[in-house]
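I opened this notebook to keep track of what I looked up, entry by entry. The terms I rely on are spelled out where I use them.

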Amino acid sequence: MNSIIKHIFRLVIFLFVQVYILSNVPLVHHYITPYLYFLFILWLPFSIRRWHLLIIGFSFGMLTDYFLHTPGLHAAPCALIAYLRPFLLNIFIAKDSTEQSFTEPSVRSMGWGPYSFYIGILTFLHHAYLVFIEWMQFGTFGYFILKVLATTVLSLVMIFITEMLFSRKTKSRLT
Amino acid sequence: MRNIFLFIRQYFNLISFLILQIICIVSISKFSKTHEAFFSTKANEVTGVINSRYNNITKYFNLAKVNEDLALENNRLRNLLQSNIVAPDSSLVIKIDTLIKDTLNRFRKYTFLPATVVGNTVSLESNFISLERGANQGVKTDMGVLGPNGIVGKIVSVSDNYSVAMSLLNRNSKVSAMLKNSKDQYAENVEWDGDDPDYLVMRKVSKSVQVKKGDTIVTSRYSPSFPSQLMIGTVTTVEKDDQGNTYTLRIKSATNFRTIQHVNIIVNHYYTEQFKLDSITKKLHFNLGNE
């Protein structure tokens, strides 16, 4: 119960930061758009069912879309990373050791290497799919490649700062 | 039959993932054609309420700049007052009434409705502005939106008490515009290239038009959403196209999209008539072309 409230609180904070702060920051260049909201999906607990994860990811993306008036644009990549997340977690962690002792993905539960791979790959896939949908509507191939790279780098820097600022004390289940 | 159920069970996650993706793609393509989202009316109402709560807090931060803009606008409007102009001949009296129809048989074509900006973005590829004024207060789609310094956008969707305008800072935005000083009042579309929220672009301007840095760009007479001669911006650079046949103008937008808080929605009383006539003509030409 406590953890559900914690995740709802996180949802509101991520949505607020994305809609009211990051979408109003003056741009350095139009290839660089700040995105942080999808970290909510990456921080969901291990124990969540795949089917539930998919629905939560999609609804969270759609919620963001209704605030930014772009229905579907953010929901599609959110559903993608929610679908792929369990596969990556299976690759990167030894199942019986980590999943039983920690509740959610973090530096402490997975270690620096696997965690940064996990974040990096899903961030890249999210941006690639999102910019790909934008590219279908306008822009060129150069726009697609450069924007994916620039936006991914900026997002990774922001995620790194977030991890530094809010070190989540993921409780060990055994204690 | 049993095999089908087994198949669905085994690939349940993949199938639901694909269904969600199809929903997204349909939603995107539908929105980019009509700007009508699924449940858009209800969603606008909810996000509108949250946006206006948030705006109540943040509007204080820009208050100085907003006040300055409004004061300048007041000053400009006061200069337009009829009482400031003295007619040389005392037998000629010009009277303009605010009624729809007055005794001199002048018709009122445009009305301006005030509205508050409650939500705004500048950093995305397609930016929209939420306004606190909706269908109950007389807003319809395709009405123009005018800020204190110049035009801001066009209404694309309306709910009961809120409406959403497509900002000029949108890849799909197109506004018919012309050069204020040019004699032939050459009209061309003003667009946004997604680059800088302060600059708009006017492409394919004929070389016969005399244009130089600092010229004023205003709305043309062709758009049913805007009255003519409304400020859009000033030309900052004049570049030749790749082919060298036309100019591409880079325009510094008069509106500062980051700080707009009070706008006017423009009601064209002849909009339906003009729109109907236009669409009938288009249909007629289409039919003739087929024959």
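In which loop of chain B does B:D142 lie? I found B:D142 in the loop between β2 (126-131) and β3 of chain B, where helices (H or I, at least four residues) and strands (E, at least two) are DSSP runs, numbered from the N terminus.

**Conventions.** I am working with a predicted model, in which local features need pLDDT of at least 70 and side-chain atom pairs count only at pLDDT 80 or more, while totals for chains, interfaces and linings use all residues. Residues are numbered from 1 along each chain as its sequence is written, and chains are lettered from A and ligands numbered from 1 in the order in which they are written.

**Positive phi in chain B.** I noted that phi of B:D142 is near 75°, a positive value in a residue other than glycine. B:D142 counts as partly exposed because it has 14 C-beta neighbours inside 10 Å; a residue is buried if 20 or more other C-beta atoms, placed from the backbone, lie within 10 Å of its own, exposed if 12 or fewer, and partly exposed in between. For B:K204, another residue other than glycine, phi is positive and near 60°. B:K204 lies in strand β8 (residues 199-206) of chain B, and I list B:K204 as exposed because 12 other C-beta atoms are within 10 Å.

**The barrel around β8(B).** I then followed the strands and found a closed barrel of six, running β6-β7-β8-β11-β10-β9 (chain B) with antiparallel pairing; two strands pair if DSSP finds at least two bridges between them. Neighbouring strands of this sheet are turned by 40° against each other on average, direction ignored, with axes taken as lines fitted to C-alpha atoms. Strand β7 (residues 187-191) of chain B pairs with β8(B) in the antiparallel sense over two bridges, and B:E191 has B:V201 in β8(B) as its bridge partner.

**Domains of chain B.** I looked up the division of chain B, which gives domain 1 (41-82 + 100-171 + 260-269) and domain 2 (175-253), with bounds that come from an automatic or database domain assignment. Taken over C-alpha atoms, the centres of domain 1 and domain 2 of chain B are separated by 23 Å. Between them, 17 residues of domain 1 of chain B are in contact with 15 residues of domain 2 of chain B, contact being C-beta atoms, placed from the backbone, that lie within 7 Å. On the side of domain 1 of chain B that touches domain 2 of chain B, β3 (144-146), β4 (151-158), β5 (163-170) and β12 (262-268) of chain B each supply at least two residues, and β5(B) gives the most, with three.

**Chain A against chain B.** I found 28 residues of chain A in contact with 30 residues of chain B. To the side of chain A that touches chain B, α3, α4 (75-92) and α7 (112-137) of chain A each supply at least two residues, and α3(A) gives the most, with seven. I also checked the length of α3 (residues 50-68) of chain A: its 19 residues should span 27 Å at 1.5 Å a residue, and its end C-alpha atoms are 27 Å apart, which agrees; the expected span is 1.5 Å times one less than the number of residues. Just after α3(A), A:H69 takes a positive phi of about 60°.

Terms used. Contact = placed C-beta atoms within 7 Å. Axes fitted to C-alpha atoms, helices over the stretch in contact; angles between N-to-C directions.
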